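Visitor: I would like to learn how to read a helix and a pocket. Please take me through them.

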Amino acid sequence: MKKLLEFGYEKENILFLDCPKKGELTNRPTIYMKELYVNEKYRGQKVGEQLMNALRNEAEANNCTQIKWTVAPWNEAGQRFYERLGANENKDWLNYEWNI
């Protein structure tokens, strides 16, 4: 996992992602965002947008066709944020996990 960017005086706003991997259908790299966190005191100041734009720049630099991530169903503010950026909900794939 790679820490792409830290933003804020205390480096409290962090974006983590997996390194580019080949996509399932496109055979071109895809970036998987693991977590985007913006401290509440920085919300509403375009910090999340700056982090996502840095991620987009990373994707473009790696010739990626997509950036993928998940968001909790209860996180409506996060969903609105991603939709405002132009992201679409992927209804073609289901997420699975196997707890050991």
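This is a predicted model: local features need pLDDT of at least 70, side-chain atom pairs count only at pLDDT 80 or more; totals for chains, interfaces and linings use all residues.

Visitor: How many residues does helix α1 have, and what span does it reach?

Guide: Helix α1 runs over residues 47-61, which is 15 residues. From first C-alpha to last it reaches 21 Å, close to the 21 Å expected at 1.5 Å a residue.

Visitor: Why do residues some places apart in an α-helix point the same way?

Guide: An α-helix has 3.6 residues a turn, so those three or four places apart point the same way. In α1, the buried residues are Val 47, Gly 48, Leu 51, Met 52, Ala 54, Leu 55, Glu 58 and Ala 59. They lie on the same side of α1 because they cover an arc of only 155 degrees around the axis.

Visitor: Which residues are exposed on the other side of α1?

Guide: Arg 56, Glu 60 and Ala 61 are exposed there. Just after α1 comes Asn 63, with a positive phi of about 60 degrees.

Visitor: What is the volume of the largest pocket?

Guide: About 1,400 Å³. Its lining has 34 residues, and Ile 67, Lys 68, Trp 69, Asn 88 and Asn 90 are the closest to its centre. Helix α1 gives the largest share of this lining, five residues. By class, the lining of the largest pocket has 15 nonpolar, nine polar and ten charged residues.

Visitor: Which residues are closest to the centre of the second largest pocket?

Guide: They are Leu 36, Arg 43, Asn 75, Gly 78 and Phe 81, out of 25 lining residues. The second largest pocket has a volume of about 720 Å³. At least two residues of its lining come from each of β4, α1 and α2.

Terms used: Residues are numbered from 1 along each chain as its sequence is written. Side-chain values use heavy atoms; hydrogens and water are left out. Helices (H or I, at least four residues) and strands (E, at least two) are DSSP runs, numbered from the N terminus. The expected span of a helix is 1.5 Å times one less than its number of residues. Buried means under 20% relative accessible area, exposed over 50%, partly exposed in between (1.4 Å probe, protein chains only). The arc is that of the directions from the helix axis to the C-beta atoms. On a 1 Å grid over the protein atoms alone, a cavity is a set of points where a 1.4 Å probe fits but cannot get out, and a pocket is an open set with protein on both sides within 12 Å along at least five of seven lines; lining residues have an atom within 4 Å of a point. Grid points are joined across faces, edges and corners, and a volume is the space filled by probe spheres set on the points. Ala, Val, Leu, Ile, Met, Phe, Trp, Tyr, Cys and Pro count as nonpolar, Asp, Glu, Lys and Arg as charged, and the others, Gly among them, as polar.
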